Amino acid sequence: LHTLQSQMFAANQTFINGKGNTNDPIKDDPNYIQENADWLAAEAKYKNLAENLEIEVEKKTQKIKETQARLMQTEKLAAIGSLAAGMAHEINNPLGFISSNIKTLGEYVEELTTKQADQQNIEFIRQDSKDILSETFDGLNRIQKIVKDLKIFSSIDAPDKNPADIN
């Protein structure tokens, strides 16, 4: 086996060095030399293809990573948008009834100051005003809680910033 390997090596070296005369009828056969030349050319071609394939795989992998990063950024922005819409809704609800309550209280004060209210109407206004103020304070407390929770979430009052994984 070792002798055969040595002969193959010598034949390849002969071919590579361009010496076509080894005094060996098999190795000097033009078909043998051509087969070795074809084999060496195919090997070089496949080696080149493998190198190019590795480069292309690296390019495609980088492109996939960039696309994944953009997709993650898009998903994060969508989540932030949903969070903002939810916060706006939660803040808008108490603001709506606070606004309505203050408008109603204003109408009551107007009625009382113009002395158009009778005793029965005054009693209704007094009781309803208590309910309106209670609901208004509840709405204000809800808004304060939302703002407090947002500060905690964003760590706005924290002295140091801490990394967080939002994935």
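**View 1. Threonine 136 and the residues that it touches.** Leaving aside residues up to four places away in sequence, threonine 136 touches Ile98 and Asn101; a contact here means heavy atoms within 4.5 Å. Threonine 136 sits in helix 3, where helices (H or I, at least four residues) and strands (E, at least two) are DSSP runs, numbered from the N terminus. Is threonine 136 buried or exposed? Threonine 136 has a relative accessible area of 8%, so this residue is buried. Buried means under 20% relative accessible area, exposed means over 50%, and partly exposed lies in between (1.4 Å probe, protein chains only). This is a predicted model, so local features need pLDDT of at least 70 and side-chain atom pairs count only at pLDDT 80 or more, while totals for chains, interfaces and linings use all residues. Residues are numbered from 1 along each chain as its sequence is written, and side-chain values use heavy atoms, with hydrogens and water left out.

**View 2. A nonpolar patch on the surface.** Which residues form the nonpolar patch? They are Leu133, Phe137 and Leu140, which together have about 280 Å² of accessible area. Phenylalanine 137 belongs to helix 3. Patches are made of residues with over 30% relative accessible area and no salt bridge; like charges are joined within 9 Å, and nonpolar side chains (Val, Leu, Ile, Met, Phe, Trp, Tyr) within 5 Å. A salt bridge is a side-chain nitrogen of Lys or Arg within 4 Å of a carboxyl oxygen of Asp or Glu. Accessible areas come from the Shrake-Rupley method with a 1.4 Å probe; for residues, only the protein chains shown count as cover.

**View 3. Lysine 59 and glutamate 56 in helix 2.** The model has three salt bridges, and one of them joins the side chains of lysine 59 and glutamate 56, with 3.7 Å from N to O. Both residues lie in helix 2 (residues 30-113), three residues apart, about one turn of the helix. Lysine 59 is exposed at 51% relative accessible area, whereas glutamate 56 is partly exposed at 38%.

View 4. Arginine 126 pairs with glutamate 123 in a salt bridge, and their closest N and O atoms are 2.6 Å apart. Why are these two separated by about one helical turn? Arginine 126 and glutamate 123 are three residues apart in helix 3 (residues 119-154). Arginine 126 is partly exposed, with 39% relative accessibility, and glutamate 123 is partly exposed, with 38%. Further along, lysine 145 forms a salt bridge with aspartate 149, with 2.8 Å between the closest N and O atoms. Lysine 145 and aspartate 149 are four residues apart in helix 3, about one turn of the helix. Aspartate 149 is partly exposed, at 35% relative accessibility.

**View 5. Two rings that link helix 2 and helix 3.** There is one aromatic pair. Tyrosine 108 and phenylalanine 124 make up this edge-to-face pair, at 6.4 Å centre to centre and 80 degrees between the planes. The pair links distant parts of the chain, since tyrosine 108 is in helix 2 and phenylalanine 124 is in helix 3, 16 residues apart. Rings of Phe, Tyr and Trp (its six-membered ring) pair if their centres lie within 6.5 Å; planes under 30 degrees apart count as stacked, over 60 as edge-to-face and the rest as tilted. Tyrosine 108 is buried at 12% relative accessibility, but phenylalanine 124 is partly exposed at 49%.
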